[in-house]
Amino acid sequence: LLSVYFFSKMPELPPVCKTSLYIAAGRAIETERSDSLFKDIYAKEYAGDLGIKFLNDVAETLETKPESLANFIAFRTKYLDDYVLDSLNQGSRQLVILAVGGDSRGERLILPEGTKVYQVDMKEIIEFRDTVFKTSNENVVKVVADLRDENWTDCLINSGFRSDLPSTWLIEGLIMYIDIKDVHILLERIRKLCCKGSRIAGDVLNEQTVSGSYTKKFMDVWEKYAQRPTNGVDSPENLLQEHGFICDSVDIIGLGNSDYGRTNEDFRKFQEKFPRQVPDLIPRHYLFRATYV
């Protein structure tokens, strides 16, 4: 009930922030599996009753099980977990998580010694996180900033971030909620804070997912709880290359590097039936990893 109470007291909170409750609910379901891809002991409390209801209502609308939706959340989480650990183990010691929401990587992953985790989000979210993530970690730095404001980069630097050292960036569940003009502004600001070899990872929805007929039922019920995604990207490779980042991999969620042996076969066949192209013909959720060159 914590999240219901907290968010009801903050009507000014942008609906996009409430998507983190849905994601946390999925991670909570994954955590309870005997064959879980990760354990997130914070997810259930962060999601609260509202996050569980959000996930259950989406599942009911799509005539599927909450566990099936949670699978895709788990695939994304595991994919980005692996990226974070790989990047940091290659020498980076700065992890920047933009729009941190309910992300628990700074608390649950065993990171290399000396790693600083910069958790960037609005004041309301940071305060909400403090009610859930009660553990104290001197290597986790909370950066109160609104990514819509150009001074968020100053806030990050003033918190100890060093642009002359390699960095690892996460932009998970963010790009699809930002107008494409603002996505370019965001990526350019990130680029200016990166030295060569810095890495970035995240995800995008393609245009068919955002505005196509296949996903209308999903988007309609989603909008009852949170902000409707508005920005579709069919080629994350081209988007990132415009800002100096070369993709190391781009994967359809549940396939390729994010195939963990339990992808629904009907989903797999549907995706494989239509090869990638620009514009895409079917809905797709892409995961990407890229390096600044």
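Which residue lies over the face of Tyr286? Arg276 does, at 4.4 Å from the ring centre. Here a charge counts as sitting over a ring if NZ of Lys or CZ of Arg is within 6 Å of the ring centre and within 35 degrees of the ring normal. Arg289 lies in this way over the face of Tyr79, at 3.9 Å from the ring centre.

This is a predicted model, in which local features need pLDDT of at least 70 and side-chain atom pairs count only at pLDDT 80 or more, while totals for chains, interfaces and linings use all residues. Residues are numbered from 1 along each chain as its sequence is written, and side-chain values use heavy atoms, with hydrogens and water left out.

Now to the sheet. Helices (H or I, at least four residues) and strands (E, at least two) are DSSP runs, numbered from the N terminus. Two strands pair if DSSP finds at least two bridges between them. An open sheet is formed by 7 strands in the order β3-β2-β1-β4-β5-β7-β6, with mixed pairing. At its edges are β3 (140-144) and β6 (245-252), each of which pairs on one side only. β6 pairs with β7 (residues 285-292) in the antiparallel sense over 7 bridges; in β7, Phe288 is the bridge partner of Val250. Helix α6 (residues 123-132) packs on the sheet and touches β2 (116-121) and β3, where contact means heavy atoms within 4.5 Å. The direction of α6 makes about 125° with that of β2; axes are lines fitted to C-alpha atoms, for helices over the stretch in contact, and angles run from 0 to 180 degrees between N-to-C directions.

Next come the aromatic rings. Rings of Phe, Tyr and Trp (its six-membered ring) pair if their centres lie within 6.5 Å; planes under 30 degrees apart count as stacked, over 60 as edge-to-face and the rest as tilted. The structure holds 17 aromatic pairs. Tyr22 and Phe54 form a tilted one, 4.9 Å centre to centre with 55° between the planes. Because Tyr22 lies in helix α2 (residues 19-31) and Phe54 in helix α3 (residues 43-61), the pair ties together parts that are 32 residues apart in sequence. Both Tyr22 and Phe54 are buried (under 20% relative accessible area; exposed is over 50%, partly exposed in between, with a 1.4 Å probe and protein chains only). Tyr22 and Phe54 also belong to one aromatic cluster with Phe218, Trp222 and Tyr225.
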